[in-house]
Amino acid sequence: MEVKVPTPHTRTVLLALTLVAVPLTATTTANAAPDPAGAARAAVAPAAPAAAAATGLDDPAKKEIAMRLVSSAENSSLDWKAQYGYIEDIGDGRGYTAGIIGFCSGTGDMLDLVELYTGRTPGNPLAPYLPALRQVDGTDSHQGLDPGFTSAWKQAAKDSAFKTAQNDERDRVYFNPAVNRGKQDKLGTLGQFAYYDAIVMHGDGGDSTSFSGIRKRAMAQAKTPAQGGDERQYLRAFLDARVWAMKQEEAHEDTSRVDTAQRVFLDQGNLNLDPPLDWKVYSDSFHIG
């Protein structure tokens, strides 16, 4: 996300491409002479190496879990795909918050998203609001956005291109950086998710309550596994630092998304974030089987 202001975040996709190859033998004539030597070579030829599978939060099944966990905290729902059209001002000083990951009009990431969408789909319902989004960036102002912006957002959310743009920006700004940093610190899936949830809410600016500030605070208390430290001990320090950062803002003072969710998984030793998962956020109970 933007590095200007830490962001609260809300909500949290995959494109599958199937290639069907026609066997070469289907195009040969019925009178073609057999090639015993060729058949023998084919029988012993080594199979092509498979692409490396994702290991961690970027595994498709684990990524889906991550999206549902974040949505439980941000939308009180596991149906994160229903959040593309979400938009409201939640009164946290960041203007409008919207979409699957809580893009904000006051923190730059909403502007980046609409610019991406407009570059791909000129003339979309949100394109006329780009000047206003540039003007209100860094503020909580609605100037130039009201009264039609929220309706335009919901209209755009019906467009698959806008949904794809939201997915792409979520991954570019939040998901991929969090997972990559987690892997560099040699954290498992739960640790990578803790990083992701933190960067979604706080952004990755230079202040003490940003993701990098939270990580720095945690590392002052415990070494990462990459530094030779114990993973559980480090994650406890990171979650402690995260709670401290949340309590610096009134809008984030409820820390249940950490205390009755991520800490529960950590106390269970579920570093791989394997289902079944049971947790609470804001006293609401959730389950992934």
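In what order do the three strands of the open sheet lie, and is their pairing parallel or antiparallel? The order is E1-E2-E3, and the pairing is antiparallel. Welcome to a quick tour of this predicted model. The protein chain holds 10 helices and five strands, and 48% of its 289 residues count as buried. Its accessible surface comes to about 14,000 Å², with 52% of that belonging to carbon and sulfur atoms.

**The open sheet**

- Strand E1 (87-88) and strand E3 (103-104) sit at the edges of this sheet, each pairing on one side only.
- Strand E2 (residues 97-98) joins E3 through two bridges, in the antiparallel sense.
- Within that pairing, Ala98 has Phe103 of E3 as its bridge partner.

**The nonpolar core and its aromatic residues**

- The largest nonpolar core gathers 74 residues. Phe149, Trp153, Tyr196, Phe238 and Trp279 are the ones with the most contacts inside it.
- Beyond its neighbours within four places in sequence, Phe149 is in contact with Ile87, Tyr96, Met110, Leu126, Tyr129 and Leu133.
- Phe149 also belongs to an aromatic cluster, together with Tyr96, Tyr117, Tyr129, Trp153 and Phe162.
- Across the whole structure, a search finds 14 aromatic pairs.

**Charges over rings**

- Lys63 places its charged end over the ring of Phe175, 4.6 Å from the ring's centre.
- Arg217 does likewise with Trp244, lying over its face at 3.8 Å from the ring centre.

- Arg242 is part of helix H9 (residues 231-246). Arg242 counts as buried because its relative accessibility is 0%, and the cut-off for buried is under 20%.
- Setting aside neighbours within four places in sequence, the contacts of Arg242 are Ala194, Asp197, Ala198, Met201, His202, Ile214, Arg257, Val258 and Gln262.

**Helix H10 and what covers it**

- Helix H10 (residues 256-267) has these buried residues: Ser256, Arg257, Val258, Ala261, Gln262, Arg263, Phe265 and Leu266.
- As background for reading that list, an α-helix has 3.6 residues a turn, so residues three or four places apart point the same way.
- The cover over the buried residues of H10 includes helix H2 (60-75), helix H7 (189-202), H9 and strand E4 (277-281).
- Just after H10 comes Gly269, with a positive phi of about 75°.

- Five bridges pair E4 with strand E5 (residues 284-288) in the antiparallel sense, and Lys280 stands opposite Ser285 in E5.
- The two strands make a hairpin with two residues between them. Tyr282, in the turn, has a positive phi of about 55°.
- Ser283 lies in the loop between E4 and E5, and its phi is also positive, about 70°, although Ser283 is not a glycine.
- Ser283 counts as exposed because its relative accessible area is 68%, with the cut-off for exposed at over 50%.

**Backbone features in the loops**

- For context, most residues other than glycine have a negative phi, and most peptide bonds are trans.
- A cis peptide bond links Asp146 to Pro147, with omega about 5°. Pro147 lies in the loop between helix H4 (130-136) and helix H5 (149-156).
- Another cis peptide bond runs from Pro275 to Pro276, with omega near 5°. Pro276 belongs to the loop between H10 and E4.
- Lys186, a residue other than glycine, has a positive phi near 60°. Lys186 is located in the loop between helix H6 (160-184) and H7.
- With a relative accessible area of 56%, Lys186 is exposed.

Definitions and conventions: Residues are numbered from 1 along each chain as its sequence is written. This is a predicted model: local features need pLDDT of at least 70, side-chain atom pairs count only at pLDDT 80 or more; totals for chains, interfaces and linings use all residues. Side-chain values use heavy atoms; hydrogens and water are left out. A nonpolar core is a set of buried Ala, Val, Leu, Ile, Met, Phe, Trp, Tyr and Cys residues joined through side-chain atoms within 4.5 Å. Buried means under 20% relative accessible area, exposed over 50%, partly exposed in between (1.4 Å probe, protein chains only). Contact means heavy atoms within 4.5 Å. Helices (H or I, at least four residues) and strands (E, at least two) are DSSP runs, numbered from the N terminus. Two strands pair if DSSP finds at least two bridges between them. Accessible areas come from the Shrake-Rupley method with a 1.4 Å probe; for residues, only the protein chains shown count as cover. Rings of Phe, Tyr and Trp (its six-membered ring) pair if their centres lie within 6.5 Å; planes under 30 degrees apart count as stacked, over 60 as edge-to-face and the rest as tilted. A charge sits over a ring if NZ of Lys or CZ of Arg is within 6 Å of the ring centre and within 35 degrees of the ring normal.
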